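Thanks for asking me to look at this model with you.

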Amino acid sequence: MKLINNITENFIEILNSDSTIDCYKVERGKLTNSVYNQISELSHGTNCVYFLYDDREPKTDSFKRHIYIGETTNIYNRMIDHDRRKDWWTHVVIFTGDKRKFDETTICALEHLLIDQFSVSNRYDLCNSQGS
């Protein structure tokens with residue numbers, strides 16, 4: 001794991017910065033316009049697939065953590081929307097890459113594949129629904 005330079009408090013982590021797809025973990029409320037711009041500059045584009053999830057300790061053994069899987073071409077505006085409409089998430093993990101290889105068709109297909117896989121896993125409370 002490698003930290004992005006000039007970002008404090010360890011709120012962004014580059015999980016794999018040498019691949020075609022980069023992955024960033026951001027704490028809720030810390031995805032500011034300047035952070036978004038840094039992600040865009042490092043990834044050479046803004047096409048993204050992302051997970052919203054709740055990182056708090058489960059209250060019971062049968063408790064399933066919430067997760068939402070989405071795709072967007074503007075992560076900053078999408079996170080503002082989710083911040084207003086979804087109160088349960090604590091972190092977002094963003095997957096992004098070069099627009100030539102990680103285009104809108106690719107991110108849409110990846111989103112659907114991930115939703116299908118998470119829905120059959122039965123390990124998470126998948127919070128995706130029409131119009132989310």
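Below are some numbered points on aromatic pairs, a helix and a pocket.

1. Before we start, the ground rules. This is a predicted model, in which local features need pLDDT of at least 70 and side-chain atom pairs count only at pLDDT 80 or more, while totals for chains, interfaces and linings use all residues. Residues are numbered from 1 along each chain as its sequence is written, and side-chain values use heavy atoms, with hydrogens and water left out.

2. Rings of Phe, Tyr and Trp (its six-membered ring) pair if their centres lie within 6.5 Å; planes under 30 degrees apart count as stacked, over 60 as edge-to-face and the rest as tilted. The count here comes to four aromatic pairs. One of them joins Tyr50 and Tyr68, a tilted pair with 6.2 Å from centre to centre and 35° between the planes. Tyr50 belongs to strand 4 (residues 48–53) and Tyr68 to strand 5 (residues 65–72), 18 residues apart. Helices (H or I, at least four residues) and strands (E, at least two) are DSSP runs, numbered from the N terminus.

3. Are these two tyrosines buried or exposed? Tyr50 is buried, with a relative accessible area of 0%, and Tyr68 is buried at 3%. (Buried means under 20% relative accessible area, exposed over 50%, partly exposed in between, with a 1.4 Å probe and protein chains only.)

4. Now find Phe51 and Phe118. Their ring centres are 5.5 Å apart and their planes are at 55°, so this pair is tilted. Because Phe51 lies in strand 4 and Phe118 in helix 3 (residues 104–121), the pair ties together parts that are 67 residues apart in sequence. Phe51 is buried at 10%, and Phe118 is buried at 18%. Ring pairs also link Phe51, Phe95, Phe118 and Tyr124 into a cluster.

5. Next, helix 2 (residues 75–85), where Ile75, Arg78, Met79 and His82 are buried. These residues cover an arc of only 100° around the axis (taken from the directions from the helix axis to the C-beta atoms), so they sit on the same side of helix 2. An α-helix has 3.6 residues a turn, so residues three or four places apart point the same way.

6. Last, the largest pocket: which strand gives the most to its lining? Strand 5 does, with three residues. Phe51 and Phe118 return here, among the lining residues that also include Tyr53, His66 and Tyr124. (A pocket is an open set of points on a 1 Å grid over the protein atoms alone, where a 1.4 Å probe fits, with protein on both sides within 12 Å along at least five of seven lines; lining residues have an atom within 4 Å of a point.)
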